[in-house]
Amino acid sequence: MTPSLSILVIDDNKIRASIIEQGLRDAGHDKVIVADQMDGLLRKITTIEPDVIVIDLENPNRDQLEHIFQVTRAVQRPIAMFVDKSESGSIEAAVDAGVSAYVVDGLKKERVKPILDMAISRFRAYSRLNRELEEARTELAERKTIDRAKGIIMKSKGISEDEAYRLLRKTAMNQSRKIIEVAQGLVIASGLLED
């Protein structure tokens, strides 16, 4: 983690906020912004564009947590949340909402940096897994489209699967397009002709 991170600390209690801020400054972070109100949180985050968000709530109620979870789903940044007390289900809801670190009754100046490091690390791992999942879904959808296109060619030309694929590949090369683009065009055209 580099000391040049911009960190937004959100806490309505100035004493607790100063503990977090001092812990971050002691760890070498000089770009620490403290917000003491939850009102307009998404707007603040959009304006400040922090690299990391640290939220400290003394005794959060369901409405506060739900508001924060809505914000965390929208901002796509590492988020560390400190709470003094937690109801059952809050941790799971926090993780589902994208909170990278949820710490109950653990606010000490010397713990802020390691927890922040863990939040960033977990956020990166989660983002990488989401990206890989999306790539796998895209690849599977493309494979299905190519298979449908091969089936259309096989049926209309009376050729084998390998020959149908070679024809798709040759057409794509001749048109300087990707095979998936040719396959999608064929599937769409075939759908129009069938209707």
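Buried means under 20% relative accessible area, exposed means over 50%, and partly exposed lies in between, with a 1.4 Å probe and protein chains only. By that scale Glu-142 is partly exposed, because its relative accessible area is 32%. The structure described here is a predicted model, in which local features need pLDDT of at least 70 and side-chain atom pairs count only at pLDDT 80 or more, while totals for chains, interfaces and linings use all residues. Residues are numbered from 1 along each chain as its sequence is written, and side-chain values use heavy atoms, with hydrogens and water left out.

- In soluble globular proteins, nonpolar side chains tend to be buried together.

**Surface patches**

- Patches are made of residues with over 30% relative accessible area and no salt bridge, with like charges joined within 9 Å and nonpolar side chains (Val, Leu, Ile, Met, Phe, Trp, Tyr) within 5 Å.
- A patch of negative charge on the surface gathers Glu-132, Glu-134, Glu-135, Glu-139 and Glu-142, and Glu-142 has its place in helix H5 (residues 109-157).
- For such charges, Lys and Arg count as positive and Asp and Glu as negative, while His and the chain ends are not counted; the place of a charge is taken as NZ of Lys, CZ of Arg, CG of Asp or CD of Glu.
- Ile-91, Val-95 and Val-104 form a nonpolar patch on the surface, with about 220 Å² of accessible area together, areas being computed by the Shrake-Rupley method with a 1.4 Å probe and, for residues, with only the protein chains shown as cover.
- Val-104 is found in strand E5 (residues 101-104), and Val-104 counts as partly exposed because its relative accessibility is 36%.

**Salt bridges**

- The structure holds nine salt bridges, each being a side-chain nitrogen of Lys or Arg within 4 Å of a carboxyl oxygen of Asp or Glu.
- Arg-25 forms a salt bridge with Glu-21, their closest N and O atoms being 3.0 Å apart, and both residues lie in helix H1 (residues 14-26), four residues apart, about one turn of the helix.
- Arg-25, at 34% relative accessibility, is partly exposed, and Glu-21, at 23%, is partly exposed.
- Arg-143 and Asp-147 form a salt bridge with closest N and O atoms 3.6 Å apart, and they both lie in helix H5, four residues apart, about one turn of the helix.
- The side chains of Arg-177 and Glu-181 meet in a salt bridge at 3.9 Å, N to O.
- Asp-11, Asp-12, Arg-16 and Asp-56 are linked in a network of salt bridges.

- Gly-40 is found in the loop between strand E2 (31-35) and helix H2, and Gly-40 is partly exposed, with a relative accessible area of 25%.
- Gly-40 and Ile-146 are 106 residues apart in sequence and 47 Å apart in space, C-alpha to C-alpha.

Note on methods
Helix = DSSP H or I, 4+ residues; strand = E, 2+ residues; numbered from the N terminus.
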